[in-house]
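The entries below follow the order in which I went through them.

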Amino acid sequence: MKKIFLGAPGSGKGTAASRIAPKRNIPHISTGDLFRENIKKETLIGAEAKKYIERGELVPDEIVIEILKKRIQQKDCQNGFILDGFPRTISQAEKLSKLIDIDIVININVPKEIIIQRLSSRITCKECGEIFNSIDYKPKEDGKCDKCKGEIIKRPDDEPKIIQNRLKIYEEQTAPLIEFYNNKGILQNILCDNINKPADETAQLIINSIEKFANRTQS
Ligand code: AMP
């Protein structure tokens, strides 16, 4: 199944995708992670994307589509994938629909207060992108990733001023995708209004919703 996880920055879509993708044996494709990898490797795409990411702005479509297209053409995507952070605009969704058919869109709906609290305390592994939280989900060893022992950092775009910009852009440009996919009949809403809910429980709620949707569309 080709899936999109939709939600504001900090809604937990990346955390959920990183738990669900291995269970389904499909890749978790985060365009944000692809950009961060390119920035780390100092590629041309990385240098171009960095200018926008640092300001909390969207990277122009030509660059995002190029990087996404290359990734979904890889062999491991044949049985499906989870897209996280793409599409982020109606124009990206339209371009995506010319490349592939999406089966389901999970919209992770989280109140704004929780989003701000999460983003301000979010810390991530510089190497593998694993997401932690400095309040209630700290790495076991201080400053080191549980998964790969990489260095734990605060993403530069998780600073308060940049967070505000990213949320504004989400409201203006990404939230209209909810109606776009609802009109196509493939949207499933998941409400996450409890900051203390363990990530595994949220992931299970999403899995249940995907299975229910799949049973309904197959019967
Ligand atoms: P994320 O890790 O999904 O929060 O993405 C981090 C940053 O990468 C975003 O704030 C954007 O600057 C950029 N980015 C990621 N995905 C996209 C996309 N689909 N379109 C435009 N910019 C993106």
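**Entry: I63.** I looked up what I63 touches, leaving out residues up to four places away in sequence, and found F35, I45 and E48; contact here means heavy atoms within 4.5 Å. I63 is found in helix α4 (residues 61–72), where helices (H or I, at least four residues) and strands (E, at least two) are DSSP runs numbered from the N terminus. I63 counts as buried because its relative accessibility is 12%; buried means under 20% relative accessible area, exposed over 50%, and partly exposed in between, with a 1.4 Å probe and protein chains only. I also checked I63 against G46, 17 residues apart along the chain, and their C-alpha atoms are separated by 9.8 Å.

**Entry: ground rules.** I noted that this is a predicted model, in which local features need pLDDT of at least 70 and side-chain atom pairs count only at pLDDT 80 or more, while totals for chains, interfaces and linings use all residues. Residues are numbered from 1 along each chain as its sequence is written, and side-chain values use heavy atoms, with hydrogens and water left out.

**Entry: the ligand.** How many residues surround the ligand? I found 16, and the closest are T31, R36, E57, G85 and Q92; near means that a heavy atom of the residue lies within 4 Å. By class, that shell has six nonpolar, four polar and six charged residues. For the classes, Ala, Val, Leu, Ile, Met, Phe, Trp, Tyr, Cys and Pro count as nonpolar, Asp, Glu, Lys and Arg as charged, and the others, Gly among them, as polar. Helix α2 (residues 31–40) gives the most to the shell, with four residues.

Next I went through the polar contacts (pairs of N or O atoms within 3.5 Å; within protein, one must be able to donate a hydrogen and the other to accept it, and residues adjacent in sequence count only if both atoms are side-chain atoms). R36 places a polar side-chain atom 2.9 Å from an oxygen atom of the ligand. From E57, a backbone N or O atom lies 2.6 Å from a ligand oxygen atom. V59 has a polar backbone atom 3.0 Å from a nitrogen atom of the ligand. Taken alone the ligand exposes 480 Å², and the protein buries 96% of that; accessible areas come from the Shrake-Rupley method with a 1.4 Å probe, and for residues only the protein chains shown count as cover.

**Entry: helix α8.** Which residues of helix α8 (residues 176–183) are buried? They are L177, F180 and Y181. Seen down the axis of α8, these buried residues fall within an arc of 85 degrees, so they line one face of the helix; the arc is that of the directions from the helix axis to the C-beta atoms. The face turned away from that buried side carries the exposed residues E179 and N183. I then looked at what covers the buried residues of α8, and the cover includes β1 (2–7), α5 (90–99), β4 (104–109), α7 (160–174) and β8 (187–191). Just after α8, G185 takes a positive phi of about 75 degrees.

**Entry: helix α6.** In helix α6 (residues 112–121) I found I114, I115, L119 and S121 as the buried residues. Their cover includes β5 (122–125), β6 (131–133) and α7.

**Entry: D193.** Where is D193 found? I located D193 in the loop between β8 and α9. With a relative accessible area of 48%, D193 is partly exposed. D193 touches P111 and I114, not counting residues up to four places away in sequence. D193 and P111 are 82 residues apart along the chain, yet their C-alpha atoms are separated by 6.2 Å.

**Entry: S209.** S209 lies in helix α9 (residues 199–218) and counts as buried at 12% relative accessibility. Not counting residues up to four places away in sequence, S209 touches I106, Q188 and I190.

**Entry: backbone checks.** I found a cis peptide bond joining F86 and P87, with omega about -5 degrees. P87 has its place in the loop between β3 (81–84) and α5. N25 is not a glycine, although its phi is positive at about 60 degrees. N25 lies in the loop between α1 and β2 (28–30), and counts as exposed at 69% relative accessibility. E42 is not a glycine either, and has a positive phi of about 55 degrees. I found E42 in the loop between α2 and α3 (44–55), exposed with a relative accessible area of 70%.
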